[in-house]
Amino acid sequence: MSFSERHIPDLTGKTAVVTGATGGLGYETARMLAQHGARVVLAGRNSEKGKKAVNAIRGVAANADIVFEMVDLGSLDSVAAFSDRLISAGEPLDILINNAGVMTPPTRKTTSDGFELQFGTNYLSHFALTTHLLPLLRAAPGARVVSLSSVAARQGKIDLSNLQSEPYKAMVAYSQSKLACLMFAFELQRRSQANNWGLTSLAAHPGVARTDLIVNGMGDKGPAAFARRNLAFLFAPVPKAALPTIFAATAPDAVPGGYYGPTGLFEVRGPAGVATTPVAALDVAMARRLWQESEKLTGVPFPVTSRAA
């Protein structure tokens, strides 16, 4: 059976947070969750886009329980403030989807905290966000955390001596950030099991989708931008590309520590299913070292617990 929107279970009573939810994959992910009964927090940095996204979802699901919350994933202070607002509300969190991302800006840019933009936004901010929200995740029976990786993770390498990508090579930096997201998902699952946190951590990738991520990152130059502009028919429609994420977040048969993506040729598009895991993502020792370095860089340590087996 090919997983589709009609296979999404009833999510009534569950609360979900989706980062980068005002457009692209994040919007479609939030829409599907809301249409199937979840209360959804659309997290993004642009309030006007947030308002439009909320109105658009309500246009197809009049009774959708959705709110927009401001968060800038390029600022750890903003991540902390967003998390504090959710914790103050005290509502258990059933689904956290670490979706927001930046792809291959042509010149090196940094977050407000001084991190290379892709590593800081795609990975470190979500590491910090998950840490902050751990109490709410542990309060929800069977909570799931889904981290978004990419087919580019196959070419990724974690260089602990150069996580900030100097000198800068755009795709090398992007691939490293997405490999880090995947390794985080696996390590979070190991630690949850070892320490009885009760949450399930999974990863997903969308293949190659018809979003504006490439153009927003690279501008309108280069072969990838040319392909996005002129060969869009080769790319997966955004709702289809969001299905691996939805499968990981909702499907009863999604397995803890699983990795999901399109199952067509080269995993560019196709039905959602088990994705190919890069060998580098299975390096448990490196995952632990990356975790420790991430705690230092963000200043946001996870609870002191026994080391994962």
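Mentor: A crossing is right-handed if the near helix is turned clockwise from the far one by less than a right angle. Keep that in mind for this predicted model.

Trainee: In which hand does α3 pass α4?
Mentor: Take helix α3, residues 76–89, and helix α4, residues 117–138. Apply the clockwise rule to the pair. The crossing of α3 with α4 is right-handed.

Trainee: Are α3 and α4 roughly parallel or roughly perpendicular to each other?
Mentor: Their axes lie 10 Å apart and meet at an angle of about 20 degrees. Angles under 35 degrees count as roughly parallel. Therefore α3 and α4 are roughly parallel.

Trainee: How many residues in the contact of α3 with α4 are nonpolar?
Mentor: Look at the residues that meet. Leu76, Val79 and Phe82 are among them in α3, and Leu124, Ala128 and His132 are among them in α4. The contact holds no charged residues and three polar ones, and the nonpolar count is 11.

Trainee: What kind of aromatic pair do tyrosine 123 and phenylalanine 184 form?
Mentor: Their ring centres are 6.3 Å apart, and their planes stand at 75 degrees. Planes over 60 degrees apart count as edge-to-face. So the pair is edge-to-face.

Trainee: How many residues apart in sequence are phenylalanine 127 and phenylalanine 302?
Mentor: These two rings also form an edge-to-face pair, 5.5 Å centre to centre. Phenylalanine 127 lies in helix α4, and phenylalanine 302 lies in the segment after α10. So the pair ties together parts whose separation in sequence is 175 residues.

Trainee: Is phenylalanine 302 buried or exposed?
Mentor: Its relative accessibility is 5%. Under 20% means buried. So phenylalanine 302 counts as buried.

Conventions. Residues numbered from 1 in each chain as written. Predicted model: local features only at pLDDT ≥ 70, side-chain atom pairs only at ≥ 80, totals over all residues. Heavy atoms only, no water. Axes fitted to C-alpha atoms, helices over the stretch in contact; angles between N-to-C directions. Helix = DSSP H or I, 4+ residues; strand = E, 2+ residues; numbered from the N terminus. Parallel < 35°, antiparallel > 145°, perpendicular 65-115°, else oblique. Contact = heavy atoms within 4.5 Å. Nonpolar A, V, L, I, M, F, W, Y, C, P; charged D, E, K, R; others polar. Phe/Tyr/Trp six-rings, centres within 6.5 Å; stacked < 30°, edge-to-face > 60°. Buried < 20%, exposed > 50% of the residue type's maximum accessible area, 1.4 Å probe, protein only.
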